[in-house]
Each structure stands twice: as C-alpha cells, then as structure tokens.
Amino acid sequence: MDNQEPKKNTYRVKLGHTEVTVLARTAAEAIENARRQLATEMPRFYDVISSLASTRFEVQDAA
C-alpha cells in the first residue's frame, strides 16, 4: 500500500494579461489555487475572479 500523495507539478495559469505560477496535482487544482492567489493579490476583484468560468483560465505546464 502506498501512502504517498501524488506529486505536485508547477503550472502557469494565465487570466487575461495576468499570469501566476502555482503548485498543483491537476489542471483543475491549478485553477483553484490560481483563483485564491489572484484574489489575495487583487482583493478588489475577488467577486469577478471567483465567478469566472474555469474556461477563462489558460493552464500550461511550467516545466
């Protein structure tokens, strides 16, 4: 039995002209982590960032 968590990868997530780098196991997790990071960096846009569809985010491996 393997109790290790899956390896986290580095992803670049782009939203419009803004790009952040996050650690995540999947692209979906990368989007959620990017939402949190962007909301922290730009609190005035929290409502907009949290309500955007996942399709608005561009996710790429940062490797």
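Arg25 and Glu29 are joined by a salt bridge in which the closest N and O atoms lie 3.2 Å apart. The structure is a predicted model, and the count of salt bridges in it comes to 3. The other pairings bring Glu19 together with Arg12, and Arg35 together with Glu32.

**The Arg25 and Glu29 pair**
- Arg25 is partly exposed, its relative accessible area being 28%.
- Glu29, the partner of Arg25 in this salt bridge, is likewise partly exposed, with a relative accessible area of 22%.

**The Glu19 and Arg12 pair**
- The side chains of Glu19 and Arg12 form a salt bridge with an N to O distance of 3.0 Å.
- Glu19 has a relative accessible area of 41% and is partly exposed, while Arg12, at a relative accessible area of 32%, is also partly exposed.

**The Arg35 and Glu32 pair**
- Between Arg35 and Glu32 the closest N and O atoms are 3.5 Å apart, and the two residues form a salt bridge.
- Both residues belong to helix 1, which covers residues 27-41, and because they stand 3 residues apart in that helix, Arg35 and Glu32 are separated by about one helical turn.
- Arg35 has a relative accessible area of 11% and is therefore buried, since that class takes in values under 20%.

Technical notes: Residues numbered from 1 in each chain as written. Predicted model: local features only at pLDDT ≥ 70, side-chain atom pairs only at ≥ 80, totals over all residues. Heavy atoms only, no water. Salt bridge = Lys/Arg side-chain N within 4 Å of Asp/Glu carboxyl O. Buried < 20%, exposed > 50% of the residue type's maximum accessible area, 1.4 Å probe, protein only. Helix = DSSP H or I, 4+ residues; strand = E, 2+ residues; numbered from the N terminus.
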